[in-house]
Each structure stands twice: as C-alpha cells, then as structure tokens.
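Reader: I've got this one open on my screen and would like to know what stands behind the labels. Can you walk me through some of them?

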Amino acid sequence: MRKSAFILLTILTFCLSGCNTSPSTDSFRLKATDKPLSDAKTEAMVNALYEKMSQPERIAQLHGIYAAALLDKQGRVDTAKCRQLIPYGIGHFSQYASTSIASPDSLRNMVAELQHWLTHHTPNKIPALFHEEVISGIAAADATVYPQQLGIACSFNLELATEKTRQTAKAMRQIGGLMALSPMTDVVRNPHFNRLEESYGEDAYLSAAMGVAFVNGLQDGGLDKGIAACSKHFLGYGGGSESSGKELMEEILLPHEAMIRVAGSKVVMTGYHLFHGTKAVANPELGENILRRYLKYDGIMVSDYGSVSQIDDEMDAVHRAAAAINAGNDVEFPMGLNYSHLQTAIDEGLVSPATLEKAVKRVLTLKVRLGMFDGETPLYGTGNITFDTPEERETAYQLAAQSVVLLKNNGILPLTSPMKIALTGPNANTMWAMLGDYTYQGMSFFWHRRNPSDCHPKIVTLKEGLETKLPKGVTLDYARGCDWTEKNEETTIEETGDERARMLRYFLGRRIETGEEVNLEKAVELAAGSDVIIAAVGENTMLCGENRDRSSLRLPGSQEAFVRRLIDTGKPVVLIMFGGRAQVIGDIAEKCAAVLQAWYPGEEGGNAVADILYGNVSPSGKLCLSYPAVELNENICYNYSCEQDERVAYPFGFGLSYTHFSYSQLNIDKASSTSAESIRVRFAVTNTGKVAADEIVQLYLSPTSDAQPLKPIQLQGFGRISLEPGQTRTVEFLLSPQQFGHYNNGQWTVDAGNYQIKIGASSTDIRLSDTITLNGESYTIPLRTVYFSEIQNAF
C-alpha cells in the first residue's frame, strides 16, 4: 500500500537489506513538519532561566573547557579548580573521552562528579553538555570502531548506517555524552582532500541520505532519548565554498538542509575556510542569511576548534568574539579564548545584549530538548558499562563487508581451491590498516602522542582474519616486505585547519612502527614460491587525515615499486588498498589479477575482507566517488557529464560482484504532473549467476534539453537488494516532482517538461532508460519539502 509520503515534509527511505518491503516508518523517520520544536513550555522555561542568570553565567554557556583542567593528579574532580575556573558554570566540555585513557566506568564517574558540582555549586545549577567525536563510533577507549564514513557510503545501506549510530548513541548516553561533533557531510569532489575519508564522497544526494540516517540513529526516539547530532562543516569546507550560487544551494547545501529539515538536527558547525572571502565562523551570509533565514534553522551554531582565533590575525580577542557572535555563531570551541571577552564587546558596543540573549537561549533550548532539566532524563548511566558488545561488533562487521569495493577481478577471486597464499605488504598485519582519523586510536596517536592498544577493542588485522577463516587445503605465509614509507617528510602539516596540529610539526618525524622485520627480498622470495599473492598496501593515519597533507595520490613510499616486484614474479597478485581516499595506481591495476578498495574498515575489517577473499561473502560495495586514474588536485564528479571522464579509472557507483545482474521490464508513469503526489518507476533485477549476492540499484535523472537548468546526470534514488542465484525481484521507486526541480533566485522551481529516467549499475553503466513528461504548470516554493525518493517495495 502506498504511504501518503509526500503530503508533509519529506520522504527518506530507499534502503533495503534483503527485506521484501520498504522499511517501516518506525525504523526511519519518513516525515517531518514545519512545526517548531521550541514549544511554549520550552520557551517559557528558557526565558525564566535566562532572566535569573547573571551576565557571567550567560557568557559561560557559550564556550567550553577541557575536563582535564578540573582534575587532580589522581584524575578526580578538584573542587578548588572548579571554583577557580568555572564559578558561574560552563556550557560545554570538549572532547572529554578522546583526550582520556579512562575506562567507560571511570569516564562516567568523572562526568557524574562534574555534573554534580555544576548542579549543586553554581548559581543556577545548569548542567553542561559533554561532546565527543563519533564519526566511526565513540572516540573513547574500549568503544566499538565502525568503518570510516567513506566506506559506509560505499555500502549504500541506510538501515545499517542508522543502526550504527543508534548503538553509538546508546553507548554515549551511558558515559554522559549528550552531543556529537558528527557527522561530517561536506560534499567532497577533490580526490586529494586530506579529510575525504570523513565524508560520504562526491554526491550531494548520497551524502544527504547518509547524513539523515546518521542523525536518525543518534536522535532515535527524540533528543531526550538520544544525543544531539552536529552537521559539519557549514558550508563548503570540503569543497564548494566558491561554487556558483546554483550549485551551492542545490548540492553543497543539500546534506545540511536535509539533516536539519528531515531529521531535526539542532547543531551546526562551521569550518576553518573562507566563504566568499570571509571566514565561515564570522560570515553572516552563512550564519544568518542561509542558515537561519533561508533554512529557518532554530538550533545552535558552534565553531570548529580554534577557528574563532583564526578570524583575523590583526584583531584582538574582543573583536574576534564580536565578529563571530554577530555572524550567528553561538558557541566557541574548544574553550572561550575569545568568547570570555564578550562582556567587553558588549560594553564597547560591538555586540548588542539582544545578540547575546539569542545565543544563550539557543544553548539553553538545546539543553531542554535533550532532557537535561526535566528531572527524569538521566545525565549519565549507572552500573557497570560494557562497550563493544557482540551486537555492536556484528554491525561493524556487516558495514565493513558491505563497504569493500571490488574494482577488478580476472577470475582469481574468490580463493577457494587448495593453494599456497603469500601475504605481504605494510597493511597486512596491522591495526592501522583498519582505523582512520577521528577514531580513538587515531586521535590518541596523532594528537596525544600515545600508542594505543589493538586489544580494547580487539582490532582484527587482515592476517588474523585470513588465518582464522583459512579454507581447507589453503596455506598462508606472511612477510611484511615493505614499510608504508621510508621518509619522515611524506606528510606535511597544512597551514590552515586545527591550530593544535601546527604545534605538532615536530611530531610528524614520528612514524608508525610495527616492530616487524621489513625484508624486501624475503617477501619476494615467499611470493615467488606461492600460487597467489595478496598485497595489502595504502595509507595509515599519519599519511591521511585532518592537517596531514601528501603531495601525491600514488602509493606512499616505495610501495608501488614493491608491488611491481611482486608482479614480476609472474604469480597472480591480489591488490588490497586500505586508506582514507582513492589511490592512483596507474598500470599496476592492469597487471594485477584483482584489485579491492577496502578504505578504513574498522575493528572487524580483517574478518570482513577475509570473508570476501575466500568467497564467504560476495563483494557488494559501490564507489561513492570518481576513482582517479591520474594525479588530480581539483574537483571531479560524475554529474559534470554523462560521458566517461578519461581522468577517472572507475566511475561513481561502480563495483564488481562474484555474480552478474540483469535489469529488465522498466515501467514508469510516462505522463505525470508537476502537482502529482508521486511518480512510479518500476523494473526487475535478476541474479544471473551462481552466487547469492546484493546489488545496489541506482536511479538517475537527466534533462532532455540543454535549456533545462539541471546537471547532465544526477542520482535521485538507490536501494540495496539481496538476490539468490536465478532470483528475480521487482523494484519500485516513488519520486516526487520536486526531485525534478532546481534552485532559482532564492526559491525552488519545478518546471513542466520532458525528463529522462535512468536505471543503472553505476553512473556510466545505465541498463534501462525512458522519458517521462511532467505536464501542468511550473511552480516555485520557498524550500523543498521532499528531498528523497522512496523504495516502495521489492518483491
């Protein structure tokens, strides 16, 4: 039965995991309304509290502090330090888990002590918001490490992505965290960008869908049951800040817009970048015009760490604080180096009392929404806290298995017959092949100069996964053969970004060491005596991540030369690349028997990749970006043209399987109306091979005339379906006419006319297509009210 899914604000779901019908509205928040969440009761509570607060209390709500500043040498809360540093309370505690080596119970106890002090020894007893990074799970000791976001996007599995953040929220509530600094939803089209791994890739539609899934999981059941998500970086930090107004508003803004209007995200973070010549954190075009006037946003805006201090080197702290808060930035992170001077800015007439009032009330409103004042919602958990549960590990495994993309296979995979395998390469036997930036382990090593364990949680290496799952008659031998790089200067610190990194320039001389022998000739000899070679290569957290720049996208160090030596043995090479972005491998791919891109697959990555290599699981990931064939430090994207870009080795949406799929029986509503509730697109998919597998079906929209102001091709729907050998399933999408629209002079316009619907296995592998006519009147609306298509059923 059709849902009346386009009547209110949005439709989200288009994700299947082998189920016969679309997910229910209990699993996915399909609809939203324009009703403001600041109801009369909340507003009255916030107004009354604000009137009771002194000016120092109000200003204290607009910045943070590190918990360590308030602890004694034994790690206990020091009340003398509290009286000295936060006598009027504090709004936020910054990265309280990733900076600590404490166990979950100890973290919770620290939070409990600090909240007790705040709610018993400050004038109005206002609790603080503890926030943390949760991009691949909580950045905390012992917590589950899920795959990095770039890999999760390649799974195209919204249901599983939502479950991941639902689990994260439950665990984070236990240790007293009520706000995430995630997800990053920058639309990233430059393959060289050092934070590409944190994004969902180059497509705005996919990024928006994944962002909404992330928020739905974190805020499941409402803000008072989950934790507040943060949409970052607003706007165009990962690329697009200098885009045309049309591209900016249609694509770069889309993930943030959808997270706010579909999923109810109430925190937005700006970036370190310039937007139209002005720092984003001090840019009223962003904070006031686009965010609050255009999107009608009623949440808080926060700065990225240290970005207020980077507004202008010639400004003092008073003027920097004024510039940021006047532009709509409510909170300074991580501390109040500038916002602690807001009273001076008010006294000097640089900031109005009304501006301060709005910022403080927005913070208080968020705290009310999170249940921090209701006396019923606990601020932290009780009892013994268990991180990394079997359920969390299973989710991490499933996401990892679905994120790996098979780029080439000449028939060598899966490895099932009796054979002798030689395993080699710098990423073959290390946890650093599995863990990206903003994991607890990655942050510990780079930011805090600690050597984290691979046991809490257990990080399964590729070697361990292959050994554990070794088929009968197969032997496995290992020699590392090559290091990631032999040069300390492989990575440089960029001049922009988190200023803490620039203080760590000396630290880049410290490479990740495994303690293993690196003997090239031994590895080559081992490879020559094998039947097949598995070469695990790529990056690690010191070679890719925030502030870490490499001059090249080719394999680091001497890895490329090492792989060529392996190829020269004449034995088939299975190349597995780990890391946070695509690697330019040139003619190596042509000479390898198989190529897999595994990204940073998380704690279960070793098991997931092993299962794919041995054929226990068919690879099903599809690329969320255009995989470059040559060195590039500029934007590329599939939707720039319907023709294959010669600079791209593998297109957006591409990924091989151990089976084949055929598409047939396209049936669409060929004549519809601009005022239609929905437009039906139906087709059949058949597994024509001998292996059960998942296929990711993709729906694209193209104009039929150059006069139509649309991109040449644009993803407008996708779904993951499971098929047994020989099985056929019918897939039905429901589209809204608004998906055929475009941004036009401050409004969303839907035009009558002819459009082309394309069904593909990738952006360049279009299997079915037909033309649809939208009859009726063209119209404009202030904002889109429908963002996504829906998979109505698959049967």
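Predicted model: local features only at pLDDT ≥ 70, side-chain atom pairs only at ≥ 80, totals over all residues.

Reader: What makes you say H13 is largely enclosed?

Author: Count the buried residues: a residue is buried when its relative accessible area is under 20%. In H13, 13 of the 17 residues pass that test, so the rest of the structure largely encloses the helix. After H13 comes glycine 371, with a positive phi near 80°.

Reader: And helix H11, why is that called largely enclosed?

Author: Seven of its 10 residues (the helix runs 317-326) are buried, so H11 is largely enclosed by the rest of the structure too. Among the buried ones are Val318, Arg320 and Ile325. What they pack against is helix H12 (342-347) and H13. Just after H11, glycine 328 has a positive phi as well, about 105°.

Reader: Is serine 657 buried or exposed, and how do you know?

Author: Its relative accessible area is 18%. The cut-off for buried is under 20%, so serine 657 counts as buried. You'll find serine 657 in the loop between strand E19 (648-650) and strand E20 (661-668).

Reader: What makes the pairing of serine 657 and serine 618 a polar contact?

Author: The limit is 3.5 Å between N or O atoms, with one able to donate a hydrogen and the other to accept it. The two serine side chains meet at 3.0 Å, so they qualify. A polar atom of the serine 657 side chain also lies 3.2 Å from the backbone nitrogen of threonine 659. Leaving aside neighbours within four places in sequence, serine 657 is in contact with Leu406, Ser618, Pro619 and Ala693.

Reader: Now the second largest pocket: which residues line it nearest the centre, and how does the lining divide by type?

Author: Of the 18 lining residues, Ala60, His63, Leu85, Ile90 and Ser340 lie nearest the centre. Helix H2 (55-60) and strand E1 (64-65) are the elements giving two or more residues to that lining, and H2 has the largest share with four. By type, 11 are nonpolar, seven polar and none charged. The space in this pocket is about 320 Å³.

Methods: Residues numbered from 1 in each chain as written. Heavy atoms only, no water. Buried < 20%, exposed > 50% of the residue type's maximum accessible area, 1.4 Å probe, protein only. 1 Å grid on protein atoms, 1.4 Å probe; cavity = no way out; pocket = protein on both sides within 12 Å on 5 of 7 lines; lining within 4 Å. Points joined across faces, edges and corners; volume = space filled by probe spheres on them. Nonpolar A, V, L, I, M, F, W, Y, C, P; charged D, E, K, R; others polar. Contact = heavy atoms within 4.5 Å.
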